[in-house]
Amino acid sequence: MTAEDLTAQLLEQVRRQAGPGAEAVVRVEDADLALTRFAGSAIHQNTAESRRTLHLQLTVDGGRTAAASTTRARDAAGLVEATLAAARLRPRDPAWPGAAGAAPLVVASVADPATAGADPALRARLVGDFVAAAGGLATAGYVQTSSVDAVLATTAGQHVHGSATTAACDGIARLPGADGVARQVAAAVGELDCAALGARAAAKARAGTDPSPVDPGRWPVVLEPTAVADVVAGLLTGQFHARAALDGTGGLRHGEQQFDPAVSLADPAGLGLPFDPEGTPRRPVELVRAGVPVGLTSDRRTAAATGGTSTGHGGPASATWGPVATDAALAPGPGGSVDDLVAGLERGLLVTDVWYTRVLDQKRSVWTGLTRNGVWLVEDGRVVRPVSTLRFTQSYLEALAPGAVTVGSQVQALPRTLTPTAWGTHRVAVPALALASWNITGNAAG
Amino acid sequence: MSKAHDVPVPSAAYDAASAAVEAALAAGARYADARLVDRRTESMTARDGDVRTLDQATTAGLGVRALVGSSWGFAALGDPDGDAACRTTGARATAIAQASAAVAGPDVDLLPAQAHVDTWASDCAEDPFAVSLAEKGDLLTGVTATMRAAGVAVAEALYQAWDTRTAFVSSEGARIGQHIRECGAGMHCLTVGEDETQRRSYPAFRGQYGTRGWELVRELDLPAHAERIAAEATALLTAPPCPSGHTTLVLGGEQLSLQIHESVGHAVELDRILGWEAAYAGTSWLDLERLGSLRYGSELMTITIDPTLPGALGSFGYDDEGTPAQRRYAVRDGIWVGVLGGRDSAAVAGLTDTGSVRADGYARMPMVRMTNVGFEPGPHSLEEIVAATDDGVLMEHNRSWSIDDRRLNFQFGCEIGYEIKDGRRGRMLRNPTYTGIGPRFWASLDMLAGGDEWRAWGTPNCGKGQPGQVGHTGHGAAPARFTDVRVGVRG
């Protein structure tokens, strides 16, 4: 049975079992996720999954809502029956925003047939490219391809279809005491250049051997795009959505020059399905314009609470985590390459990647985490030696303050999970940043 | 081994799994196993007195693992429709393994194991799916309304329940059925000040979970604690900050459980030690050459790996490659003596530590995971520990956690702290944090509580693997004392 036929069958079951007053969002998703993992320069885990999932959100009595899903695609009637029973038993939600009505898609599907049809041999070849380009260094990482095809319809008249693909490569090259990393995400597997990634990772590892510590304290830093992605992700998940604003847990000052004028951030809605699970078309959202916060992502509930319209960022976790952006783009600036940014550093640190970052204070966006995959001491605009793992405890909001930022010119598209997703990955496209101050609070020695 | 035989899976499930295994072998695999998994989940969240979400899901499908030469392949299919689909999935797993051979590694052998034919079910006094949604909703809305009425900015509560039936069949003759029921609940609230937010949770920052029924949630008695944590969250806004420096640190049991999880549990995972997780989860500071001699902590430090603990979240009858649950030591009297491993990783390492290979549902490849990794009850009580401390800080309930990719350098933030002076608990402290290096920290352990302060804390969200897998783990822990710990790290 086609996804369209199954969607129609689900809607019909809703009308038959719940009556004409029920509101429903039905979605049928066909997803394929394949991931080829390597370690010690050999493929050690190689997986592929295919599944059809039926999703139903059903509301009765104007606010009694239950959501359910099943991979038992042959049991549409059972899904409706169980969901209806649950909806009738739960308390009424006075803030239920209603189901999405008819609205045209704003962005087009970006789906690549070659990615959807990628086989394990292709992924193995790409792994081989990474391994070979590392020039004999031990390597580890993955190559992933995924595709999703979805049909969504609501009782309020929305009916949309979309497809999406992603391909990603993420790997390290290793020498004793030093790892180098490179990663890339794209909508099409043909855009992945795994050989270039392997070579870059190996070069980083070779430059990182025999690291030694530096003293904790506030340091000027150049963050490479792989590290910048974490800063952007931290701000998106904790600040730039309407839930944080409504709860007062965010620290944004909308309309003020809160960030350096070189900082402009958006969700271009360019990767992933063109609508969210509520049925709202995803639309590009400008979040920061020249250092001024100007926008937030939202779902139907938070949009209703703020008197606006949803930006199409609803999702399974948006009720609790907030309607977080799923495609991020930090605009390039005039700072040039990473080497150019390093050349402008009198004394500071070059940081490739960060790891295990966790928020300590949501309102100030204070995060702690560790460096990973390479840190270097910079003096007089030149890298002078590798540095061992450092812990930092830093406000991401304050790191981007006016006068504190130089934005690089070369953007990397990096794979990142911004909010829970059952397939593929999100994208964070960012340049390198030079920041005036970064709070190093410890090193490998404590 | 068998327990509470309730016919965990129908015989047709074994037939489907067997068909997949046969097809994998016919396509060229030298070993194959298959799991037909039927998992039902239910979760509800409430916020500020209203139910916010009610989600129910059924994920049913087949996962097949095939070994060709030195290479694994894994294929999964949702809701396979008949034997033909199972056979296709089995053959696909073998084809994937064959493709892996293009970038092959050293030989992989599986540690020899007995092929068990058995069934197992976890204990469950009150089926969480049989408790009415109205009652469950009333519980969550009631406690969030109470917290909200006490003046907090945000009050949230949730419960989660899982009912998983698995049929496991291997090409070596194993045929195991399991029925595991898990559930748990928790609540938290946020207060918002001028420049910061404060949070209090009960009973743990994401709730308490176990392989038990709804009786676990009843025992938590959420309503009895709602007003208290709301008052504490409000008081934290004006409490003095945790001082910075080195001092004696007393941790509550819930925080100690996460300390164990992060700096012991993950560190003793054999796949990390072997470098199989180097690119993502990371490696380990542990060197196999020092297994049996490395001092991990003080003599008070004894950590078991025990999936047989009744009711703990990391308990099972068999792991996902058919190895029966067994209790072992990871650290004994402060010496590192054991790892979490599987049949392939143990063979590579020359060890016999298997039984810790688990998968998140049918669609994920089994991998080394924690089970229940924790302390056994110690000789003291929290009251005795505080009374024996002249100057220190007590920290309770995790708020943030971060540790490096070798599991050495950690920093934890807790929700609430208390000054300890002259053997007495003093002022409340806000934003308590502590940091350290694993073996030095564990070497400073000098007091450990037990009795009814010991609990097997459940962690329902342990992330690992690519594609990502969420694991359910348990950690026996009780209040404990550590000396000369750096506290009060700020951003």
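Ala, Val, Leu, Ile, Met, Phe, Trp, Tyr, Cys and Pro count here as nonpolar, Asp, Glu, Lys and Arg as charged, and the others, Gly among them, as polar. By that scheme, the lining of the largest pocket has 13 nonpolar, 10 polar and nine charged residues. This is a predicted model: local features need pLDDT of at least 70, side-chain atom pairs count only at pLDDT 80 or more, and totals for chains, interfaces and linings use all residues. Residues are numbered from 1 along each chain as its sequence is written, chains are lettered from A in the order written, and side-chain values use heavy atoms, without hydrogens and water.

**Largest pocket**
- A pocket is an open set of points on a 1 Å grid over the protein atoms alone, where a 1.4 Å probe fits, with protein on both sides within 12 Å along at least five of seven lines; lining residues have an atom within 4 Å of a point.
- The largest pocket holds about 660 Å³, as the space filled by probe spheres set on the points, which are joined across faces, edges and corners.
- Its lining counts 32 residues; A:G177, A:A178, A:T389, B:D405 and B:R406 lie nearest the centre.
- β13(A) gives the most, six residues; strands are DSSP runs (E, at least two residues), numbered from the N terminus.

**Chain contact**
- Contact (heavy atoms within 4.5 Å) takes 79 residues from chain B and 77 from chain A.
- The two chains bury about 6400 Å², 50% of it on carbon and sulfur atoms; this is accessible area (1.4 Å probe) lost on being put together, summed over both.
- B:R52, B:V103 and B:Q466 supply 10% of the area that chain B buries against chain A, more than any other three residues.

Technical notes: Helices (H or I, at least four residues) and strands (E, at least two) are DSSP runs, numbered from the N terminus.
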